[in-house]
Amino acid sequence: MPVIEIPVGPQHPALHEPILLRVRVRGEEVVGVDIVTGYNHRGIEWLAERNTWLKTLYIATRVCGICNLMHATCYVQALEKLNNIKLPERALALRTIAMELERLHSHMLLAAVMAEILGFESLFMLIMRDREKIMLLKELVTGNRVLSDYVWPGGVRRDIDDGIVEKIKRALDYIEKRILYYRDVYENDKLLRLRLEDIGVIKYNEALLYGLVGPTARASGVRIDVRKDTPYAWYDEVDFNMVTRKEGDCLARVLVRLEESLESIKIIRQAINKLPKGPIAALRIPPRTFRPGEAISRVEAPRGELIYHVVSRGGRTPYRVRIRTPSFTNILNSVFAYRDATLSDVPVILASFDPCISCMERIMVVDERTGEQRLEPIRKIVRKRR
Amino acid sequence: MLKLARELLKNLLRRPVTIEYGVKAKPNPTKRYRGLHIVNPDKCISCSLCAVECPTGAIKMTEITYGGKKKKIPVIDYGLCVFCYHCIDICPRKAYNISNEIPPPVFKRALLRGDPREPKPWRTEEV
């Protein structure tokens, strides 16, 4: 039987984001997959080098819509390292609460989108309805449903009062019940299990070899979580478990995320209960210049480890802001997960990595022999690697 | 054919199903939502910090005559504004009034302006 190439995408292959999968199939069976990206390149790092320190904060926030607070916090942490700013306890606790709310809604979004891809639209509607409660909480805490613009060097920008704390507590009680129910649905529904179980399996050593991060790696049994490894914000004060699973299939990746949402609820409850009193920022207004040097900051985004490398040579603008997003490794390095799948499984496997396309569209190649630097499209590099 | 005509007549008499967005129905954000904001010319000291630091360059310092004197105040272009509230948080005199209103639907982008000389239909609070 001849091998045919079928393009899946770039118009919304699984999620509503632009990415192209060139799927080679023999009949129904997938022989190979090429991932082509570059449809959403915006030159964020170039912009960062040409804007002031604080304007770059708003650019970093807009790298990705769903994990915008993670990007902002990661960038701000790097700046705080440069200037040695010590944060008050309350600012750290508020950051942790806001970040966990973001993780919660991101994980629920994936569970919903997964249900939609599998054709279970009523489950999609139900999860999205409950997710709206978390978006409301995020609006109460940060001031906007999605683009929070909540942190800046020195602390956070808005305080919460007892009324909001009560609202968060009440909403979390409801959300916890619902997430337990959705986990039950994913674990016990026969049709969902048929579509998800033993599909797109990534083994433990493969996840390690290809450097996968975040829930994708944790679903294969790799114990990797920045919140545990190098605690930032208030994560060393709160008690939570790292959720891992051994199966490494699509079902495990969804269940790891749902269980992590339960851990997020646990973290928010603890942070709210022992919320320290005091100022919410170390400085009244953030500094406009930062000392020369470089700083690396790591944050566990909903999709995995997010790294910002900020180089400063003094002055009004950053010299270099390098962003390494989790989706980049998770999507490009997981081509092997599509082996032995059928064509109808391809969107399911892609969605199970929770891809965030807008996160991954940057690359610069440095030739080690000549020291030459050039920008190259990601598709060329993926082709070379194979 | 008769069925079609009957349906047509019915639909002519019925009210529209769609909601007139922005006129009759609006999203209902919470009180903490970052909405339209406008400068209070009484408090503004024309330092133009907000105009310099606005991430999208939505704020322009404009010269107006206020209380018989010439004065430069920031005028906001809501079409460019991303409602990050940076201007409000860095203002040394807390001269901005804030609200939780979403930008209204308009036919011309020039109408989306935060100019304190023009009367505004929304209610604002002091920071």
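1. Since the model is predicted, confidence deserves attention at the outset. Chain A has a mean pLDDT of 87, and 92% of its residues reach 70 or more. Within the chain, confidence is highest in helix 6 (residues 162-188) of chain A, with a mean of 93, and lowest in strand 9 (residues 364-366) of chain A, where the mean is 53.

2. As to overall form, the secondary structure of chain A consists of 14 helices and 10 strands, and the C-alpha trace of the chain spans about 70 × 60 × 35 Å along its principal axes. A compact globule of 386 residues would have a radius of gyration near 21 Å, and the 21 Å of chain A agrees with this.

3. How do helix 2 and helix 3 of chain A pack? The axes of helix 2 (residues 53-61) of chain A and helix 3 (residues 68-83) of chain A lie 7 Å apart, at an angle of about 150°. Because angles over 145 degrees count as roughly antiparallel, these two helices of chain A are described as roughly antiparallel to each other. The crossing of helix 2 of chain A past helix 3 of chain A is right-handed.

4. On the side of helix 2 of chain A, this contact is made by Trp53(A), Leu57(A), Ala60(A) and Thr61(A), while helix 3 of chain A contributes Asn68(A), His71(A), Ala72(A), Tyr75(A), Val76(A) and Leu79(A). Sorted by class, the contact between helix 2 and helix 3 of chain A has 7 nonpolar and 3 polar residues, with no charged residues.

Conventions: Residues are numbered from 1 along each chain as its sequence is written. Chains are lettered from A and ligands numbered from 1 in the order in which they are written. This is a predicted model: local features need pLDDT of at least 70, side-chain atom pairs count only at pLDDT 80 or more; totals for chains, interfaces and linings use all residues. Axes are lines fitted to C-alpha atoms, for helices over the stretch in contact, and angles run from 0 to 180 degrees between N-to-C directions. Helices (H or I, at least four residues) and strands (E, at least two) are DSSP runs, numbered from the N terminus. Angles under 35 degrees count as roughly parallel, over 145 as roughly antiparallel, 65 to 115 as roughly perpendicular and the rest as oblique. A crossing is left-handed if the near helix is turned anticlockwise from the far one by less than a right angle, and right-handed if clockwise. Two residues are in contact if their C-beta atoms, placed from the backbone, lie within 7 Å. Ala, Val, Leu, Ile, Met, Phe, Trp, Tyr, Cys and Pro count as nonpolar, Asp, Glu, Lys and Arg as charged, and the others, Gly among them, as polar. pLDDT is the predictor's confidence in each residue, from 0 to 100. The radius of gyration is taken over C-alpha atoms; the globule rule is 2.2 Å times the number of residues to the power 0.38.
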